[in-house]
Amino acid sequence: MGHAIDGMLSGLQVAFSIEGILFVFLGVFLGTFIGMLPGLGPISAIAVMIPITYGMDPALALVMMAGVYYGAIFGGSTSSILLNAPGVSGTVATAFDGYPMAQQGKAGKALAIAAIASFVGGTVSVILLMLFAPALASVAISFGPPAYFALMLLGLTAIASLAEGSTVKALISAVVGFMIATIGIDPQTGTSRFTFGSLNLLDGIDFLVIALGLFAIAEVGYLIINRKQKMQKSAKEIGSLRLSKKDVKEMSGPMGRHSILGFIIGILPGAGATISSFISYIAEKRLSKKPEEFGKGSIKGLAAPEASNNAATSGAFVPLLSLGIPGSGSTAVLLGAFLVLGIQPGPLLMVDRPEIFWGIIISMYVGNIFLLILNLPLIPYIARVLTIPRPLLISMVIMFSVIGVYAISFSTFDLYLLVLFGILGFLMRMFAFPAPPFILAFILGGMMEQSFRQSMTISNGNYMIFFENKIALALIILTVISLLYPMIKNILKRRKEREA
């Protein structure tokens, strides 16, 4: 206990020193700005900073890079809400209700809800990180391939929840998403699948190409085709930033629930902010008494994924700091930064370098406060993006999307894919095929297949492995309940109507 208190005090000295505060501010400022630009994201930002921070004090360098990471998730919601162009993959679910709110002339309110929910999610998860980091690391290790497969299966039961009308269309959309996820080199056998002889498809298709194609480019096509509609007036109105007591009350439940859920999902290596935001959005829609409001500008539908994705970024630090296992692409790059600076994250980090372990954790408190101070006063200015004339706005969305996709791989082939997915997204919108199930199936597809095949290898093809593993069994039971719950709810509803 004494060692832990001494460690916390050394962390406080790092986080609250003048240099510490300055570097936290610099990190979250850069992160917020980078998050707003579609395509850049925290991975490229941290990678660029590794050579810059070489030779710096390791504690300060890592505090700044951690700030860039959670700052980018915080800032990514801005372009999702205003332009329907997710800045980072973790904010795709934010666009589902954030963008409709902006179209209704409530962009100010949407950005304020996102900022507050992000702050609450980030702060709650930092408190949980301080209390449970070492203990939770062992829980994360116990998640083997069968448990991961069951977790992905639970996520997939949500496809029906993401259906905006026809469940059959949602399932078709998900199947296409799964098919796209299998393109590239098979991770277990090394053979190429569905590449049609093209070297450009060997690495598969990048998530951002699909997200920006299905959302941003498809939206551009829709705006051009429907330019006669009177959407310009409502979209130009920024609206008040003030939240009524009713709004705050409506937000508080989802924020509390999904701060904890997001943190738990963030701990699992490989899960990250994207999966946590989707699962939170789906869970909140299932819990809601008015699920029909989701996708049309629901406050709960915006607050839930925003609290969750920011909580997940803090959760991802549990396996990184306690075990030296990166939980996502961004924390994998952060692990590289640790090693370049001569720091080995893992069980001994808390004992050998407590100022780094606790310095990063405590700096997140400071960083979350800075993010709120930075973002709330800037909302009226950020929201003015909507007052830009439509032709110019369309050009900007196309430009950011093209630069974002090209910056990932410097491949013109990816630009052709962007256009292809843009056309696909436009057609899906025209024929009422929902895009969210496609995205969710694409995200889960690769991880789900890998976990299933690893489980089969471990058990020599015995399917009982999923029922013998306690965590996997619990998750499968939850999946079955999740599938049956809507059906039982409908039966009970019909019974009540008959009795009435």
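Accessible areas here come from the Shrake-Rupley method with a 1.4 Å probe. By that method, the accessible surface of the chain is about 22000 Å², and carbon and sulfur atoms account for 70% of that area. The model is predicted.

**Overall make-up**

- The chain contains 22 helices and two strands.
- Of its 500 residues, 55% are buried.
- Taking contacts between residues at least 6 apart in sequence, 79% of them join residues at least 24 apart.

**Nonpolar cores**

- In soluble globular proteins, nonpolar side chains tend to be buried together.
- In this chain the largest nonpolar core comprises 81 residues, and Ile-205, Ile-210 and Ile-439 have the most contacts inside it.
- Helix 9, residues 207-225, supplies the largest share of this core with twelve residues.
- Another core of 55 residues lies apart from it, with Val-63, Val-68, Val-126 and Ala-316 among its members.
- Beyond its neighbours within four places in sequence, Ile-205 contacts Ile-180, Ile-183, Ile-210, Leu-417, Phe-421 and Phe-442.

**Salt bridges**

- The whole structure has seven salt bridges.
- One of them joins the side chains of Asp-186 and Arg-453, with an N to O distance of 3.0 Å.
- Asp-186 sits in the loop between strand 1 (184-185) and strand 2 (192-193), while Arg-453 belongs to helix 20 (residues 435-458), so this pair ties together parts 267 residues apart in sequence.
- Asp-186 is buried because its relative accessibility is 5%, and buried means under 20%.
- Arg-453, by contrast, has a relative accessible area of 21% and is partly exposed.
- Another salt bridge pairs Arg-193 with Glu-449, whose closest N and O atoms are 2.6 Å apart.
- Because Arg-193 is in strand 2 and Glu-449 is in helix 20, the pair ties together parts that are 256 residues apart in sequence.
- Arg-193 counts as buried at 17% relative accessibility, whereas Glu-449 is partly exposed with a relative accessible area of 21%.
- Salt bridges link Asp-186, Arg-193, Glu-449 and Arg-453 in a network.
- A further salt bridge is formed by the side chains of Arg-353 and Glu-355, at 2.8 Å from N to O.
- Arg-353 is partly exposed, its relative accessible area being 29%.

- Ile-183 lies in the loop between helix 8 (167-181) and strand 1.
- With a relative accessible area of 16%, Ile-183 is buried.
- Leaving out residues up to four places away in sequence, Ile-183 touches Arg-193, Phe-194, Leu-201, Gly-204 and Ile-205.
- Ile-183 and Leu-201 are 18 residues apart along the chain, and their C-alpha atoms are separated by 6.9 Å.

Note on methods
Residues numbered from 1 in each chain as written. Predicted model: local features only at pLDDT ≥ 70, side-chain atom pairs only at ≥ 80, totals over all residues. Heavy atoms only, no water. Helix = DSSP H or I, 4+ residues; strand = E, 2+ residues; numbered from the N terminus. Buried < 20%, exposed > 50% of the residue type's maximum accessible area, 1.4 Å probe, protein only. Contact = heavy atoms within 4.5 Å. Core = buried A, V, L, I, M, F, W, Y, C linked by side-chain atoms within 4.5 Å. Salt bridge = Lys/Arg side-chain N within 4 Å of Asp/Glu carboxyl O.
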